[in-house]
Amino acid sequence: MIRLLTNKITVIGYWILVIGATACSDWTDHYEADSTLLETQQQTLWENIASSANLTQFKSLLQKTGYDAVLNSTQTFTVWAPADGTYDYETLAAMNNSRLQREFVENHVARNSYPASGLVEKSLYTINEKLMHFNGNHQYVMQGIDVSKPNVNTHNGILHVLNGKIPFMANIYESLNNNDFPIDSIANYYHSFDERKLDENRSIQGPIVDGNLTWLDSVFDERNDLYSNYFAYINREDSNYTMLVPTNEAWTKAKAKIKDYYKFLPSFEAVETIDGTEMTKNTITIRDVDSLTEATVNYMLMRDLFYNNNLYDNKKLNALQTGQTLQADSLYSTLGTKIYSEDAANLFEGAIRHDKSNGAIWITDSLRMQPWHTWNPELIIQAEGSVMDAVNVSEAKRVYISSGTQNPDISGHVSKDSYLDLPPIAKGASPSAVFSLRNVRSATYSIYIVTVPGNILSNYYESKPYCFRVSLGYVDENGKNKDKDRKWCVESQFVSDPTRIDTIYLGDFTFPMSYYGTGNYFPYMRVECYIRSNFVDVYDPNLRFDCIILRPKELDTYMKEHPEYKYDQGNY
């Protein structure tokens, strides 16, 4: 909340009782200044500053920002005014007014009175909401700057003269600008979400001037949706964050890379329902493909740049300095992405730390983020939660399982502690199911399916392998739906291992378009039990599936080259 102050005029009326002729000699005394007050106390803060020979530069900067009127009002302030010649006046005078007001003027003004008397150990907030420390005993300092002349008492507060200016420490939000580094690409994007609105209920109305309502005290609500979108409140002074900040060059490179994963089509044929071989289709039109692409790419680029320094092993970021290698088990972004040690350390390689009032920013010329951490994650599709259709099945059942109920002879673990059971509707029936594949990007995936053996719950069940075929339904580059495409499979049929929870590689496939961000539309996978008549006693027609894994090809390759590699699985 930012409060803009204007002059408030308080008119005080005196009831004067005149008793007889003796009271007449006192009539004039009521309107003369109290002789017991010092001259400075009869003047406002502004009048004292304006008349001080060693505060001419400060006076000029107050006038430039309109703060002469604020300090001439009836409200009470304490001002720590730097003396002439003790700071870089010319640099400040060249600033635009809003920045000068925020970073300099309001950095030296606080509400209420803060005298320097006896032992002082005071923490306070200045007008720009910065936490300051005012302390001393007979000799005083404000945020480390010596007070050369304390306690000039005025009509509306206290003036202290400093031997230098108070350093301004920007928070992370305020640092997203192009003042010091070439980061205006990310700054412009972030600040495009800024909103500022007058709160009329908390503001004080002034008189009508030329037919327009004025405000004596204006209160503004300021917000930015990205605070909550990323769970990173980088504007709060009482927070502690680390933010990776890409330069313009890094921003441009990252956007070009991410766009490959978010290729949207202006229109495409979507399948809404499936009932056996019957489908309900609808043509979906995206009104503005360019805007959707831009919004999605920008969001993904920013997604895992924020880290709360107070949580988990993130605390080690507080001490990490430029040139050092992060020694942490893992980092968690504010959106919950877990990045293990090797990849976490790489994020800060070559980056430069800059301390801020609520944490630190790391300026980097390259976002060293593995794509599968953020913009192209591995997708784990739970079979029991993504069934669009089931044929020749008595009931598509979700079966819950735990370590206590799982057959101890079966190794492995069923994800989310449940799996899908597809028992045949009758003897000789061949069950099949269609699964929706949500959040698929325009990328190449290595696709796996995880089967659950029949004796997962009991040793008494005769476990047999499953024999099945798979096919994909997807939209091609022309926006047309393709169904029962088996060309991508490595085999025409697959057989599971009945002795374990089995992860079966089905093949690689490149999806021509991105479904992420298009609403409730997605490609799908059809799995069909396939048992020839002379093998009915060899295979189990009762299919059981845990999940389908769509692993980015680049991650799949990296894992094969680095068998011990750890990554955050199931990040949607």
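How many bridges join strand E12 to strand E15, and in which sense do the two strands run? Three bridges join them, and the strands run antiparallel.

## Basis of the model

This is a predicted model, in which local features need pLDDT of at least 70 and side-chain atom pairs count only at pLDDT 80 or more, while totals for chains, interfaces and linings use all residues. Residues are numbered from 1 along each chain as its sequence is written, and side-chain values use heavy atoms, with hydrogens and water left out.

Helices (H or I, at least four residues) and strands (E, at least two) are DSSP runs numbered from the N terminus. Two strands pair if DSSP finds at least two bridges between them. E12 covers residues 241-246, and E15 covers residues 306-308. Met243 has Phe306 as its bridge partner in E15. E12 also pairs with strand E19 (residues 359-364), in the parallel sense and over six bridges. There, Leu244 has Trp362 of E19 as its bridge partner.

Six of the six residues of E12 are buried, where buried means under 20% relative accessible area, exposed over 50% and partly exposed in between (1.4 Å probe, protein chains only). In a regular strand the side chains alternate between the two faces of the sheet. Both faces of E12 are covered, with Tyr241, Met243 and Val245 buried on one side and Thr242, Leu244 and Pro246 buried on the other.

## Aromatic pairs

The structure holds 31 aromatic pairs. Rings of Phe, Tyr and Trp (its six-membered ring) pair if their centres lie within 6.5 Å; planes under 30 degrees apart count as stacked, over 60 as edge-to-face and the rest as tilted. Tyr189 and Trp251 form a tilted pair, because their ring centres are 5.9 Å apart and their planes stand at 45°. Tyr189 belongs to helix H6 (residues 184-191) and Trp251 to helix H8 (residues 248-259), 62 residues apart. Both Tyr189 and Trp251 are buried.

Tyr262 and Tyr516 make an edge-to-face pair, with 5.9 Å from centre to centre and 75° between the planes. Tyr262 is in the loop between H8 and strand E13 (267-275) and Tyr516 in the loop between strand E29 (502-510) and strand E30 (524-529), so the pair ties together parts 254 residues apart in sequence. Tyr262 and Tyr516 are both buried. One aromatic cluster is formed by Tyr445, Tyr474, Trp488, Phe509 and Phe511.

## Charges over rings

A charge sits over a ring if NZ of Lys or CZ of Arg is within 6 Å of the ring centre and within 35 degrees of the ring normal. Arg236 lies over the face of Tyr233, 4.1 Å from the ring centre. The charged end of Arg551 sits over the ring of Tyr448, at 5.0 Å from its centre.

## Pro465

Pro465 lies in the loop between strand E25 (444-451) and E26, a strand that spans 467-475. Pro465 is buried, with a relative accessible area of 17%. The C-alpha atoms of Pro465 and Val538 are 7.5 Å apart, although the two residues are 73 residues apart along the chain.
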